Amino acid sequence: MDSLESRFDDAFLEQALASVPVARDIWVDLFLERCFTQRVEWDTVRGLRRAPGLREGFAFRRVASGEQRLVAEEGLQAERILRTCGQQHLGKSPRRGGISDGGEAAEPDLSKAEHLVSLLASALSSRVPHAATLAIRTEVQERRTCTARPGAPARRNHTTRAWVTCRAKVPQGTVSAGLGAATFEALQAADPASRLCSEIALRAAHLGDAREVVGGDWPVILAPGTGGVFFHEACGHALEADLVLRGVSPFRSLLGQRVGPSFLGAMDDSSQPGLEGSYQWDDEGSSCRGTVLIAKGILKSFLSDRVTAARLRGGTTGNGRRESFMDLPLPRMSNAFLMAGEEDPEAILRETKRGIYVHRLEGGRMDPATGAFRFHASSGSLIEAGKLTAPLRPFTLVGNTPAALSGIRRVGRDLSFGDGVGSCGKDGQQIPVASGLPTVLLDSLSIRPC
C-alpha cells in the first residue's frame, strides 16, 4: 500500500496549511487516512466469502472556543486538499464523493487468510461435531494516518492488526473464542487453529455440564485478562473527559479523592507494544504515553483529547481517537488496565471459601450518570472451600462502579490483556482497544441468572 508520506510530504502539508487563517483562540488540523482491510469469512450456511476494502480520505478541522467544525472528503486528491484548506467558511457537513489520485488498489492476496479459515473450519467440524452452526472470521488491517497542524511537524502512524474469531452454536447455547496479533505472520505463529479449536471445545464442554447459578450477592473473583472488560466498561468510560465535562460520570467531582483501597492502581497506556490500542501518535498528532488514572486508590487523572483538555485547563493525555477521517476525534481509551498487585492468584482462590469465579466476560454496559452496571458472564464456576467446583450457565453481574472499586479486596500479580481482539464502541465509532486485568477479588456483587 502506498505510503502517505511519499504522496503527501511535509512540504505539501505546509503548503496546504500556509493560507489557513488562525487566531489566538482558533486552531486547525488536517487529517489524512488510508486504511486497507482484507476479510475472509466462512460459516456452515453461506460458505466462504471474501471482502477486501479500502478507505481513504481527509478531514480539515477548525476549533474555535471549544466548538469544532469538520469538512471531510473521500479520496486523497492533492487539489481537493489544497482547496479545502483554503476555504474561509467551514460550516459544511461532511460530504462524500471525492476522487482518489492513488490509482486502483491492487488485488489483495487472500490465499493465506483463506487457508487459515479452511484449516479452522475443518478442525472445528471435527472437534465440535454436534454444533448446529459454525462461523469463522479473519481480518487483516493496515492503517496509515497523518496529522498536520500549522507550525508543527507532521505526525504519521502506520499500524497493522490481524485477528480471527470462531463461533459455534451448540445445543446448550453459543460459544466463541478469538485471537489477535500485530501482524498476520505473528497470528499464524501463535497456532490459532489448535488454540481456538481447543478453547471452543473446552467452552462447549463447560456449557454442557453447567448448572444454573443461585441468584444473590456473592464474593466474586474475576479471572485475569478476560475480566479486563470489567474495568474498561465499569470504570474506563467514566474517566473519559467528555463524559466528565457533561456531568454524567460518577467520578466527575472525585479528582484527587480516594476511590478504592490503597493498593489499587490503574492506567491507560498507548505505548504498550503489540496491543490493539497501541499507537505512536493519537489522531490529533499528540504523542502516545502512559496516563496514571488511579494511584494508591486516589483518582489522579481523566483521559482527554486537545479539546477537552483545554476545557479542563490541562494538557491532552494523547487519547484523541477517531474511527475514520469522517469522524471527529473523541477522548477514548487505548490500552486500559488495572495494575498488577502483589498477591499470589492461587492463594486468592484458595482462601475464598465460597463465591463465584468468572472465567469470561463477554461485554457489559454502565450508566455513566449513576455508575450502575450490568455484565454478561458467559462462563463461570462455583467456588467452594477454595476450589472451583460446579460449572455455571451464563449469568449477569450487577453493581455500581464506586461501590465495586471500594469493594476490591485483593489483586493478583498476573496482569493479562486477554486474546487480542478487543474493540470499543462510542458515539457510533468503533476502534481497537485492549483491556487488562489481573486476578481480582471483589467482596460482593449481585449475581442473577440470565
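This report walks through some salt bridges, aromatic pairs and helices in the structure above.

The model is predicted, so local features need pLDDT of at least 70 and side-chain atom pairs count only at pLDDT 80 or more, while totals for chains, interfaces and linings use all residues. Residues are numbered from 1 along each chain as its sequence is written, and side-chain values use heavy atoms, with hydrogens and water left out.

**Salt bridges**

There are 27 salt bridges in the structure, each being a side-chain nitrogen of Lys or Arg within 4 Å of a carboxyl oxygen of Asp or Glu. Among them are these:

| Pair | N to O distance |
|---|---|
| Glu56 and Arg34 | 2.6 Å |
| Arg360 and Glu362 | 2.9 Å |
| Glu142 and Arg144 | 3.4 Å |

Take Glu56 and Arg34, whose closest N and O atoms are 2.6 Å apart. Glu56 sits in strand β3 (residues 53-64) and Arg34 in strand β1 (residues 26-43), so the pair ties together parts 22 residues apart in sequence. Strands here are DSSP runs of E, at least two residues, and helices are runs of H or I, at least four residues, numbered from the N terminus. Glu56 and Arg34 are both buried; that means under 20% relative accessible area, with exposed over 50% and partly exposed in between (1.4 Å probe, protein chains only).

Arg144 counts as buried at 16%. Salt bridges also link Glu33, Arg55, Arg143 and Asp283 into a network.

**Aromatic rings**

Five aromatic pairs turn up. Rings of Phe, Tyr and Trp (its six-membered ring) pair if their centres lie within 6.5 Å; planes under 30 degrees apart are stacked, over 60 edge-to-face, and the rest tilted. Phe230 and Phe373 have ring centres 5.5 Å apart and planes at 85 degrees, so the pair is edge-to-face. Phe230 is in helix α7 (residues 228-236) and Phe373 in strand β16 (residues 372-384), so this pair bridges 143 residues of sequence. Phe230 is buried at 6% relative accessibility, and Phe373 at 1%. Phe230 and Phe375 have centres 5.3 Å apart and planes at 40 degrees, so that pair is tilted. Ring pairs join Phe230, Phe373 and Phe375 into a cluster.

**A helix to finish**
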